[in-house]
Amino acid sequence: MIGFRRLALAALIPAAALSLGLPEVLAQTPSPATSSPAPAASASPSPAPLATPSPAASASPAPAAAPSPAASASPAPAATPSPAASASPSASPTARPTAPPPEAAATPAPVQTADPFGLETTLEARKVVMVKGTANWDSAFDTLIDAFKALNTLLDKQGIKAAGNAMVVYTSTDDTGFTFLAEIPVEQDPKNLPKDMSIGKSPEGKVLKFVHRGSYDNMDNTYEAITNHLDDKRLEAKDTFIEEYLTDPLKTVEDKLVINVFVPLK
């Protein structure tokens, strides 16, 4: 857009140059006007010989002819200022104020709201209550939701509030399904845990951070992009990876999910 505007301004410059040339042409127009009195003067002598019998009559036509050139000369200066004033000042001031708007319109361009992709960061270990589980890919999200529900029910019964976002740690995967740990950070230890639940620590260390927005089913596209990123950078990931749910999966519409994906490197 800026380039287009500058071309438009460049187009106005020759137009302004042409308009500035008009006064010179108009300035030359008075010379023919001033030359018009010459023929008028040449016409006056012809009646003069005819008016020789009466000298008084010859004097009267001369003054009558003189006003006509004066009148013809006066409009010429009056005509030159008006086009000159309308051409040069109006073109340049009105054209240049239009240049700033594109710059203002271009300022939103730094829309750096795009999520970081492959940002290197470090995870710190946190105390979590976790539940182990297995799932097949066809019902993966439903299985994870059931695990989060079981953890939240336990915490609600004991009056313990979550101290962070829910997470899933994938411990192994294959073509049919995966095993996982569903985790919720806490600051105090829950009591009377079921057999499949335990207290532990969340993963720690250096990881690459990726962001997924949308439904769980569309995460295949995100993981494919992650794989391509690792290949391009010639990086090798560990067998585990972590998902942190920035939006509550129990209360958020599935296609509005926001999930951080952390990939530990070898």
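Let me start with Arg234, which sits in the loop between helix 12 and strand 7. Helices here are DSSP runs of H or I with at least four residues, strands are runs of E with at least two, and both are numbered from the N terminus. Arg234 has a phi near 55°, a positive value in a residue other than glycine. Is Arg234 buried or exposed? Arg234 counts as exposed, at 79% relative accessibility. The cut-offs are these: buried is under 20% relative accessible area, exposed is over 50%, and partly exposed is in between, with a 1.4 Å probe and protein chains only.

Asn192 is in the loop between strand 4 and strand 5 (197–201). Asn192 is exposed, with 75% relative accessibility.

A word on what you are looking at. This is a predicted model, where local features need pLDDT of at least 70, side-chain atom pairs count only at pLDDT 80 or more, and totals for chains, interfaces and linings use all residues. Residues are numbered from 1 along each chain as its sequence is written, and side-chain values use heavy atoms, leaving out hydrogens and water.

Now the whole chain. It has twelve helices and eight strands. Of its 266 residues, 27% are buried. Take the contacts, meaning heavy atoms within 4.5 Å. Among those with a separation of 6 or more, 77% join residues 24 or more positions apart.

On to the inside. A nonpolar core is a set of buried Ala, Val, Leu, Ile, Met, Phe, Trp, Tyr and Cys residues joined through side-chain atoms within 4.5 Å. How many residues does the largest core have? It has 34, and Leu144, Tyr170, Phe178, Phe180, Tyr216 and Tyr245 have the most contacts inside it. Several elements give two or more residues to this core, including strand 3 (167–173), strand 6 (205–213) and strand 8 (258–264). Helix 11 gives the most, with nine residues. Look at Leu144. Beyond its neighbours within four places in sequence, Leu144 is in contact with Val168, Tyr170, Phe178, Phe180, Tyr216 and Tyr245. Another core, of nine residues, lies apart from the largest one; Leu123, Val128, Val207 and Ile242 are among its members. As a general point, nonpolar side chains in soluble globular proteins tend to be buried together.

Next, the rings. The structure holds eight aromatic pairs. Rings of Phe, Tyr and Trp (its six-membered ring) pair if their centres lie within 6.5 Å; planes under 30 degrees apart are stacked, over 60 edge-to-face, and the rest tilted. Why is the pair of Trp137 and Phe178 tilted? Because their planes are at 45°, with the centres 4.6 Å apart. Trp137 lies in the loop between strand 2 (127–136) and helix 11 (140–157), and Phe178 in strand 4 (residues 177–185), so this pair ties together parts 41 residues apart in sequence. Trp137 is partly exposed at 36%, while Phe178 is buried at 4%.

Phe148 and Tyr245 pair edge-to-face, 5.7 Å centre to centre and 70° between the planes. Phe148 is in helix 11 and Tyr245 in strand 7 (residues 241–245), so the parts tied together are 97 residues apart in sequence. Both Phe148 and Tyr245 are buried.

Last one: Thr222, in helix 12 (residues 219–233). Thr222 is buried, at 11%. Leaving aside neighbours within four places in sequence, Thr222 touches Phe117, Val211 and His212.
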